[in-house]
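Subject: Structure handover

Hello,

Here is the structure I promised to pass on. Please have it open while you read, as my notes follow just below it.

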Amino acid sequence: MAAVRRWSEGMSSDNIKGLVLAISSSLFIGASFIVKKKGLKKAGASGVRAGVGGYSYLLEPLWWFGMITMVVGEIANFAAYAFAPAILVTPLGALSIIISAVLAHIILREKLHTFGILGCALCVVGSTTIVLHAPQERQIESVTEVWDLATEPGFLFYTALVLTAVFTLIFHFVPQYGQTHIMVYIGVCSLVGSISVMSVKALGIALKLTFSGMNQLLYPQTWAFTLVVASCVITQMNYLNKALDTFNTAVVSPIYYVMFTSLTILASVIMFKDWDRQTPTQIITEMCGFITILSGTFLLHKTKDMVDGPSLTASISMRSLKHEEDGFDESVPLKRQDTSRIP
């Protein structure tokens, strides 16, 4: 309680605005995963599935409703980054894991085991720990300051590594392993997402300053960040659709969250030097919180196909029923068996 009181007393109005916006964003995004998955399944029943390169979901109204819900969440998320540091905003995405996992359990009948519920609770505890020890927002007076931070050698090196990894995944690993290994699609989304968040934060700061009377639209750096955001978001959406259509939603959401959050925090630490304004104790506590989140997502993954009770037959029957209803096997999300290959 003392930590909460000290945190709330020292929290700026901008950080509070960012916190509220981040929570709202998670609620919308968590629900959007389920609505989009329903749309993808409905479109895949009458056309080519997104997981194998089809785009029939673009004609499905339910998928578009899910996309609109996600856009609303992303707009709230976009605004949150303009007011608060990424280390505060990004971990609150754990709430979207809980929303999507619970709704998947209720609507999609993707069973959530008791230990999965415990995993959700661990995600919340870990995120809360990070939030309570997050740094205050860095004071920036111009988008050119953000550009200077983005063009420092450390962040340029990180960007080069990300681009190399993304192109390697897209052109080498996606054709061979995209349908069998969830980390391929999620890896592309998360790597691109870390760059996207840094550009979103820069653009959000530019707009916030513009609305406060300091026009940042005159600077070419603002439009450069806008172009990066657009390119990254299109790439993220494409590969996130493939992941959702191919693998279990209750697993896609937490794995995407863990990778995306890890890389975003790393990018923020490198670009905005968040840890330079913190004590070693705060940094260690944040890392402990993140390990707690990792533990929660591990529980969600390991128990996703388990059902409460000792009956192995019931568990097998549940998987068989799911296979028949979906028309494809989601029972092994990290490495699916390719039964079409002849040994």
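A word on terms before the details: a residue is called buried under 20% relative accessible area, exposed over 50%, and partly exposed in between, using a 1.4 Å probe and protein chains only. Helices are DSSP runs of H or I with at least four residues, strands are runs of E with at least two, and both are numbered from the N terminus. This is a predicted model, in which local features need pLDDT of at least 70 and side-chain atom pairs count only at pLDDT 80 or more, while totals for chains, interfaces and linings use all residues. Residues are numbered from 1 along each chain as its sequence is written, and side-chain values use heavy atoms, with hydrogens and water left out.

Let me start with helix α6. In α6, the buried residues are G116, G119, C120, C123, G126, S127, I130 and V131. They cover an arc of only 135 degrees around the axis, which puts them on the same side of α6; the arc is that of the directions from the helix axis to the C-beta atoms.

I291 lies in helix α12 and is exposed, with a relative accessible area of 51%.

Next, the record. The unreviewed UniProt entry lists "transmembrane region" for residues 16–35, 55–76, 82–108, 115–135, 155–175, 182–203, 223–240 and 247–271. Its positions are in the numbering used here, feature names are shortened, and annotations may be inferred rather than shown by experiment. Among these spans, residues 182–203 are 100% helix and 0% strand, with end C-alpha atoms 31 Å apart. Residues 55–76 are 73% helix and 0% strand, and their end C-alpha atoms lie 27 Å apart.

Now the aromatic rings. Rings of Phe, Tyr and Trp (its six-membered ring) pair if their centres lie within 6.5 Å; planes under 30 degrees apart count as stacked, over 60 as edge-to-face and the rest as tilted. The count by this rule is seven aromatic pairs. In one of them, F173 and Y177 have ring centres 6.0 Å apart and planes at 35 degrees, so the pair is tilted. Both sit in helix α8 (residues 153–177), four residues apart, about one turn of the helix. F173 is partly exposed at 31% relative accessible area, and Y177 is partly exposed at 33%.

Y185 and Y239 form another tilted pair, 6.2 Å centre to centre with 45 degrees between the planes. This pair links distant parts of the chain, 54 residues apart: Y185 is in helix α9 (residues 182–211) and Y239 in helix α10 (residues 220–246). Both Y185 and Y239 are buried.

Lastly, K273 is not a glycine but has a positive phi of about 55 degrees. K273 is in the loop between α11 (249–272) and α12 (280–302), and is partly exposed, with a relative accessible area of 24%.

Best wishes
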